[in-house]
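Please keep the structure in view while reading.

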Amino acid sequence: MVMAEPYRIKMVEPLTMTTREQREEEIRKAGYNTFLLPSWACYIDLLTDSGTSAMSDRQWSGMMVGDESYAGSRNYFNLERVVHRITTYRHVIPTHQGRVAENLLFTTTVKPGDRVPNNIHFDTTRANVEHNLGVAVDCVIDEAYDVTAEHPFKGNMDVGKLDRVLAEAGRERLPLVMLTVTNNSGGGQPVSLANARETSRWCRRHRIPLFFDACRFAENAYFCKLRDPECAALSIEEIARAFLTSASTIAQRIVRAKTKIREARIPYQVPSLADLPDRLDNVLRVIYLVFNEGYSASSGASLTRPDLSGEAIRLGRLLGTLLPEPEVNGLLALMLLQESRRAARASPTDTACSQITARPGCSA
Ligand SMILES: Cc1ncc(COP(=O)(O)O)c(C=O)c1O
C-alpha cells in the first residue's frame, strides 16, 4: 500500500529530463566519475544529502530567524546545547560538511600504513583515510552483501572481523574504529544497539577509541524502535542517547544522583494511591528495560538473561494484580510473547514456544 505523504510541497524546481543516450554520453565524458558529472545531467542526485535537497518549512524559517553574527552567534549555542543533550560530549566542533570533519579527524589520527576499520566506509570517509595513507577496512557482517538475506540490522559490525584486523596489523596500527549509523554505503542499513555496545566493549577492551559517523543517527534510532523489542518503548532521542552516551557518563550520573539525594536528605516516601497513575509510565518503562536486558544481554557470553526477563515478567504480573490497567496488561502480553520465542532465538533448531504464554488471560 502506498501511503499519502504527510506534507505539502511548497516550492518546485524544474529538472532536466534526459534520455538514456544523453546520460550514457555524459557519464562517458565524465570518465565514469560521478563527481565530474554536471548537475543538470542528474535527474535523481544521490551524491550527498548535506542540505542539497528539499528543506522543511521549519528549516527555512529557522534560517530567517537565524543569528548571522560573526562570533558568539546564538545558533551556535543552540547547536551546542542539542548536541550536548544527545551525546553528553563536552566539546562540539562544528564543520560545514561531514567530509571536513573527517579531514580534521584523520589528519590528526592516521599515520601511513594504519588500519581504520568501519562497518562500511562512506566514500568520503574512505578517501580521507586513504589521503592520509591509511587503509580503510570494511568489517560489516556478511549478510550486508547478500541482498536476499533477511536481517533486521545489516549495518552491524562483525566483531570477529575486527579481531582479524587487530591480529594482522597489531594494536599500534589501529588508531581508531568507526561505526557508521546508519550504514550508508551498505544501503542505509541500520546498526542495532546491542551491536553498538558490543563494538564499544571490543574497543574498550583493546583501548582503541570508537568514533561514530552519525550522519543518520536519528533514522538509525527509528529502525531500532521498529525492529528491536529492546527499543520499542523508548523515544527516538532516548535510543540515540543510548547509542552515543558512554557507560562512564551514565555511571557518573548515578553517583551524582545518589549524592544529591543524600545531601538534600530526600526521604523515602510511599506514594499515595492518587500519585500512582502519574508514575505508571515510568514504572512500566523500567520493567521493560529490565526485560530487554534479559531479551538481549548487553554483556556476557549468553544472548539472553532469563533471570532478568523472568524477573520483569514477575514484576509485570505483580503490577497487573495491584493495578490492572490496560497498559500493564499490554506490557505483560508483549513480554510474554517475546519470552515465548527465547529458546527459538538462541537455537536455529528449536522452534518450540515455551508454555509461558499458556497462562490464563495471557495468551497474547
Ligand atoms: C555516512 C556518511 N559519512 C560521511 C558523509 C559525508 O558528509 P558530507 O556530505 O556532509 O560531507 C555522508 C554524507 O552523506 C555520509 O552519509
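## Backbone exceptions in the loops

In this predicted model, Leu-133 counts as exposed because 11 C-beta neighbours lie inside 10 Å, and a residue with 12 or fewer falls in that class. Leu-133 sits in the loop between helix 5 (123-131) and strand 2 (135-138), and its phi is near 60°, a positive value in a residue other than glycine.

Tyr-32 also has a positive phi, of about 60°, although it is not a glycine. Its place is the loop between helix 1 and helix 2 (57-64), where Tyr-32 is exposed, with 9 other C-beta atoms within 10 Å. A further backbone feature concerns the peptide bond between Val-181 and Thr-182, which is cis, with omega at about -15°; Thr-182 belongs to the loop between strand 3 (177-180) and helix 7 (193-205).

## The chain as a whole and the confidence of the model

The chain contains 14 helices and 4 strands, and its C-alpha trace spans about 75 × 55 × 50 Å along the principal axes. Of the 364 residues in the chain, 23% are buried. When contacts between residues at least 6 apart in sequence are considered, 53% of them join residues at least 24 apart.

The mean pLDDT of the chain is 87, and 91% of its residues reach 70 or more. Over residues 350-364, however, pLDDT stays under 50, and the model has 27 contacts beyond four places in sequence for that stretch. Where pLDDT is low, the predicted coordinates should not be read in detail.

## Helix 11 against helix 12

How are helix 11 and helix 12 oriented where they pack? Helix 11 (residues 276-295) and helix 12 (residues 306-322) have axes 6 Å apart and meet at an angle of about 155°, which means that helix 11 is roughly antiparallel to helix 12, since angles over 145 degrees are counted in that way. The crossing in which helix 11 passes helix 12 is left-handed.

On the side of helix 11, the contact involves Val-283, Ile-287, Val-290, Phe-291, Glu-293, Gly-294 and Tyr-295, and these meet residues of helix 12 that include Pro-306, Leu-308, Ala-312, Leu-315 and Leu-319. Sorted by class, the contact of helix 11 with helix 12 has 10 nonpolar, 3 polar and 3 charged residues.

Val-283, a residue of helix 11, is partly exposed, with 16 other C-beta atoms within 10 Å. The C-alpha atoms of Val-283 and Leu-315 are separated by 9.9 Å, and the two residues lie 32 residues apart along the chain.

## Helix 11 against helix 13

Helix 11 also packs with helix 13 (residues 326-340), and here the axes come within 11 Å and cross at roughly 5°. Helix 11 and helix 13 are therefore roughly parallel to each other, the limit for this description being an angle under 35 degrees.

The contact is formed by Leu-280, Leu-284, Ile-287, Tyr-288, Phe-291 and Tyr-295 of helix 11, together with Glu-327, Val-328, Leu-331, Met-335 and Gln-338 of helix 13. By class, the contact of helix 11 with helix 13 has 9 nonpolar, 1 polar and 1 charged residues.

## Helix 8 against helix 9

Helix 8 (residues 217-227) and helix 9 (residues 236-244) pack with their axes 9 Å apart, at an angle of about 105°. Helix 8 is therefore roughly perpendicular to helix 9, because angles of 65 to 115 degrees are described in this way.

Phe-217, Ala-218, Ala-221, Tyr-222, Cys-224 and Lys-225 are the residues of helix 8 that make the contact, and Ile-236, Ile-239, Ala-240 and Phe-243 are those of helix 9. The contact of helix 8 with helix 9 has, by class, 9 nonpolar, no polar and 1 charged residues.

## A residue of helix 1

Gln-22 is found in helix 1 (residues 20-29) and is exposed, with 12 other C-beta atoms within 10 Å. The C-alpha atoms of Gln-22 and Val-286 are separated by 59 Å, while the two residues are 264 residues apart along the chain.

Conventions:
Residues are numbered from 1 along each chain as its sequence is written. This is a predicted model: local features need pLDDT of at least 70, side-chain atom pairs count only at pLDDT 80 or more; totals for chains, interfaces and linings use all residues. Axes are lines fitted to C-alpha atoms, for helices over the stretch in contact, and angles run from 0 to 180 degrees between N-to-C directions. Helices (H or I, at least four residues) and strands (E, at least two) are DSSP runs, numbered from the N terminus. A crossing is left-handed if the near helix is turned anticlockwise from the far one by less than a right angle, and right-handed if clockwise. Two residues are in contact if their C-beta atoms, placed from the backbone, lie within 7 Å. Ala, Val, Leu, Ile, Met, Phe, Trp, Tyr, Cys and Pro count as nonpolar, Asp, Glu, Lys and Arg as charged, and the others, Gly among them, as polar. pLDDT is the predictor's confidence in each residue, from 0 to 100. A residue is buried if 20 or more other C-beta atoms lie within 10 Å of its own, exposed if 12 or fewer, and partly exposed in between; C-beta atoms are placed from the backbone.
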